[in-house]
Amino acid sequence: MTDRTLTIRNKSFEWGKRTYLMGVLNVTPDSFSDGGDFYTRESALAQAENMVKSGVDIIDIGGQSTRPGAAEISTSEEIDRVIPLVQILRQKPDIFGSVPISVDTTRAQVAKAAVEAGADIINDISGATFDSEMLSTVAQLKVPIILMHIRGTPQTMQKLTDYRDLIGEIKEFLESRIAEAVAAGIDKSHIILDPGIGFAKNYSQNLEIMRELRKFRILNCPLLVGVSRKSFIGHILNQPEAKQRIWGTAAACTGAIANSADILRVHDVREMRDVSQVADAIFRYQS
């Protein structure tokens, strides 16, 4: 990779040196793992503060649930959920001043409002395919974007898991999204890739992606991996309760680090900070 450092809000991300943690903050009533837990502004603020104390590197705020089958909300409702929280965090510079805020959205209008309110990164689970204005908007905003692989929508994706060549097709999709993003005016150093664990992938496909993560290195962008509490872990552990999958998440995160993930998107920041520090010492050791 030509550029190994990205600076966001005076925080330097030195790719390859250590694992960075993105903390999930869902201001939704219906997300798969923590829907409703942080739906009020007070509970969301308290959770954000807890993440900072636990060593989070990025806070990722989402107002639209992307779990399988989740109902789509209106743009105005998504803005009403997300923007006030971004503003509240930015009004507390003593706590959140140096913490980049990511907004998990597929809508250019939400992305623009979020960055204007103080967000620093756009995390688009559609790879900027749901909204034709997303790439040009992000280019104008001059912020990094996370492009994820998906097929279909959260309503249809679990029926779209028939691949001829799983890793090759994900790679082709991400490569095409990089090209579109660069053509729209986004600097390649501002692009982060996510292979989309759980999004239009079945149990065995999720494991294959985890084993083959290094193959995405050829795309020369940092890799974000989101395994936290996901159903493939529940399948392995025979654990239907998402919040009871912390140890399984820890194992999956270790595997992701061993296969050179740069960012882990997690619910349990304090626990995964310990996991990533130990895994980094083992797998990122340079003699």
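**Helix packing and a pocket in the predicted model**

Helix α2, spanning residues 75-90, packs with α4 at an angle of about 15 degrees, and the two axes lie 9 Å apart. Angles under 35 degrees count as roughly parallel, and α2 and α4 are therefore roughly parallel to each other. Their crossing is right-handed. It is worth noting at this point that the structure described here is a predicted model.

The α2 side of this contact is built from T75, E78, I79, I83, V86, Q87 and R90, while α4 brings Q109, V110, A113, A114 and A117. Sorted by class, the residues of the contact between α2 and α4 comprise seven nonpolar, three polar and two charged.

Helix α4 has a further partner to consider. The axes of α4 (residues 108-117) and α5 (residues 134-141) come within 9 Å and cross at roughly 15 degrees. That angle makes α4 roughly parallel to α5, and the crossing of these two helices is right-handed. On α4, the residues in contact are A108, A111, K112 and V115, and they meet M134, T137 and L141 of α5. The contact of α4 with α5 divides into five nonpolar residues, one polar and one charged.

The pairing of α6 with α7 brings another geometry into view. Helix α6 covers residues 166-183 and helix α7 residues 203-211; their axes come within 10 Å and cross at roughly 70 degrees. Angles of 65 to 115 degrees count as roughly perpendicular, which makes α6 roughly perpendicular to α7. The crossing of α6 and α7 is right-handed. Here L166, I167 and I170 of α6 touch Q205, E208 and I209 of α7. By class, four of the residues in the contact of α6 with α7 are nonpolar, one is polar and one is charged.

Across the whole lining of the second largest pocket, four residues are nonpolar, seven are polar and five are charged.

How values were computed. Residues numbered from 1 in each chain as written. Predicted model: local features only at pLDDT ≥ 70, side-chain atom pairs only at ≥ 80, totals over all residues. Heavy atoms only, no water. Axes fitted to C-alpha atoms, helices over the stretch in contact; angles between N-to-C directions. Helix = DSSP H or I, 4+ residues; strand = E, 2+ residues; numbered from the N terminus. Parallel < 35°, antiparallel > 145°, perpendicular 65-115°, else oblique. Left-handed = near helix turned anticlockwise from the far one by under 90°. Contact = heavy atoms within 4.5 Å. Nonpolar A, V, L, I, M, F, W, Y, C, P; charged D, E, K, R; others polar.
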